[in-house]
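Here is my notebook from a first walk through this model. I put down each thing as I looked it up, with the cut-offs beside it.

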Amino acid sequence: MNALAANHLGRRKRTDLVFRVLAAASAVMVLLALLLILGTILWKSVPALSLSMLTRTPKGGFYLGREGGILNAIVGSVYLALGATALALLLSLPVVLYLNVYKGRTSKTAVWTRFFLDVLWGVPSIVIGAFGFVIMLALGLRASLLAGILTVALLEFPIMSRAIDEVMRLVPRELKDASASLGATRFETAVKVLVRQTAPGILTGVLLAMGRGIGDAASVLFTAGFTDRVPGSLADPAATLPLAIFFQLGTPFPEVQERAYASAAILTLIILVISLAARAMNRKVNRHVVK
Amino acid sequence: MNGDSPISIRNLSVLYGDHLALKDVSLDIPAKRITSIIGPSGCGKTTLLKSLNRLLDTDDGVRVRGQVLLDGEDIYAPRTEVTRIRRKMGLLSQRPQVLPMSIYDNVAYGPRIHGLRSRKELNERVERYLRLAGLWDEVEGRLREPASLLSVGQQQRLCLARGLAVEPEIILGDEPTSALDPQSSQNVERRLLELKRDYTVIVVTHILRQARRIADHIAFLYLGELVEQGPAAEVFAAPKDPRTRAYLTGEIS
Ligand SMILES: Nc1ncnc2c1ncn2[C@@H]1O[C@H](COP(=O)(O)OP(=O)(O)OP(=O)(O)O)[C@@H](O)[C@H]1O
Ligand SMILES: [Mg+2]
């Protein structure tokens, strides 16, 4: 090997090394940030964290209560997230299947629909909340679990649709053609082939949206209300964890503020459980996917 | 000739946007024979094949003029039910496309869509067509496994079984062996030769040797034009058109 080539190789190796170090450093930074957040919350919540936080409703009002737990907000958040996510999925799937099975790649309708979904995704949740509030009043509803579910579903819908849409667009045309050439209608191809092929992506989209929904405070502020009871029906107001954190942290009492961190820890834990469940499920839904 | 010709193509032109991919093609496909569509890359072979089961419909901006008569019925007539047309043909694509489900479900997919519910009949059908496609012995014990785990050659035979399971009259193949190793290719070729007893077979290929081995009838396309067609022996022995001769001798490819 002549000197020039050796020199060149040396430079390429050095460049490679620099990028390896940079990549490793950014990975470490992400991990550190995550650990720092989790660590802080856990550490701050230790004084207040107890089993009764999980199993009891607040005593002495949700603002000032220093006793009992936040079962009201846990159950409220879970109900709300499940309801809103189910509703958003019910809205998203038809839209996405329509875009990907009934509309061609260059269809104007499809291009505009995707654009509107992107815009909707960018609308701040407080604005969605305000909109939900207006609709709620127009429908003659009170702040309630139902109004909260409707509003959060609207928040989740664009996230879920676009996330699912991105994976459905990757489905090769030949796969749809294979189904069509067996005499399947577009609807059958959509439901039997596309949904299965993209099952892992659908799962990811659903969880992404659910994570956003369960953690959002602004959209439920006016629509779901807050209460120290566990909601018994769709018409009851429902407490939620993000609002619990908001109210508790806003009090002037250190003991109540500690409870805010406990609520935050619980919320984080719920999201962690959702992610882990998704991982476990992913194996199963991945099984038949054609690579 | 129309009497024993399940498909006749009449003055068919296909436009992608304003690119004329097929120019005024007329062709009668003989029944229970293997017809090979040959021609250089980009000459419109796939387009011609897809026009036969209306898969072109799924493209944007495609215009089709002329007629394709399937058992005397114009498949492009506005009243024609496209799923019924497609059911009459099994398609093998260039790269096998298995459906995201088990081996069993791949074969049962078509029959189920067309309303077959009985477990027993489904089992029978799956077995019969997996045997016909020469795959049964290899997959008998693993019918519940994902089809995507099969080798590419096995996947192509699975696609064949899947196409046969809707009990079509015609088998369409778009270079069905191009993604396969020599052994698997030979296997698929052998299947096609067996199948022509009961089915009309149309295969696109740009491997001339393959066309010589399996074709009874040849259609040569060049730049979207049907330049020559006729019994394979005649076309190979004495091509009438200079372009066909040039293609057969490898001067154009
Ligand atoms: N969806 C499409 N949109 C626009 N042009 C297309 C489309 N599909 C095919 N074409 C064009 O039409 C012509 C014929 O294409 P076709 O796929 O039928 O050729 P082919 O003979 O099958 O080629 P190959 O042997 O490479 O598969 C080509 O010029 C191709 O670029
Ligand atoms: Mg082709």
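**Domains of chain A**

I began with the domain assignment, which divides chain A into domain 1 (2–45) and domain 2 (62–288); such bounds come from an automatic or database assignment. A note to myself: this is a predicted model, where local features need pLDDT of at least 70, side-chain atom pairs count only at pLDDT 80 or more, and totals for chains, interfaces and linings use all residues. Residues are numbered from 1 along each chain as its sequence is written, chains are lettered from A and ligands numbered from 1 in the order in which they are written, and side-chain values use heavy atoms, leaving out hydrogens and water.

I looked up the centres of domain 1 and domain 2 of chain A, taken over C-alpha atoms, and found 34 Å between them. Five residues of domain 1 of chain A are in contact (heavy atoms within 4.5 Å) with six residues of domain 2 of chain A. About 450 Å² is buried between domain 1 and domain 2 of chain A, and carbon and sulfur atoms give 81% of that area. Buried area here is the accessible area (1.4 Å probe) that two parts lose on being put together, summed over both. Of the area that domain 1 of chain A buries against domain 2 of chain A, 81% is supplied by Ile41(A), Lys44(A) and Ser45(A), more than any other three residues.

**Nonpolar cores**

Next I asked which residues have the most contacts inside the largest nonpolar core. They are Leu130(B) and Leu158(B), in a core of 35 residues. A core is a set of buried Ala, Val, Leu, Ile, Met, Phe, Trp, Tyr and Cys residues joined through side-chain atoms within 4.5 Å. Buried means under 20% relative accessible area, exposed over 50%, and partly exposed in between (1.4 Å probe, protein chains only).

Among the elements of chain B that each supply at least two residues of this core are α4 (119–132), α7 (182–195) and β8 (200–204). Helices (H or I, at least four residues) and strands (E, at least two) are DSSP runs, numbered from the N terminus. The most comes from α6(B), with five residues.

Leaving aside neighbours within four places in sequence, I found Leu130(B) in contact with residues including Val107(B), Trp136(B), Leu143(B) and Leu158(B). Another core, of 33 residues, lies apart from the one above, and Val152(A) and Leu243(A) are among its residues.

**Where the chains come together**

I then checked Gln97(B), in the loop between β6 (89–92) and α3 of chain B. Is Gln97(B) buried or exposed? Gln97(B) is buried, at a relative accessible area of 8%. Not counting residues up to four places away in sequence, Gln97(B) touches Glu174(A), Leu175(A), Ala178(A), Cys159(B) and Arg162(B).

Helix α8 (residues 186–197) of chain A has buried residues too, including Glu188(A), Val193(A) and Leu194(A). Their cover includes α3, α6 (145–168), α7 (173–181) and α9 (199–215) of chain A, together with α3 (103–113) of chain B.

**Aromatic rings**

Rings of Phe, Tyr and Trp (its six-membered ring) pair if their centres lie within 6.5 Å; planes under 30 degrees apart count as stacked, over 60 as edge-to-face and the rest as tilted. Tyr98(A) and Tyr102(A) are a stacked pair, 6.2 Å centre to centre with 20° between the planes. They are separated by about one helical turn because they stand four residues apart in helix α3 (residues 71–102) of chain A.
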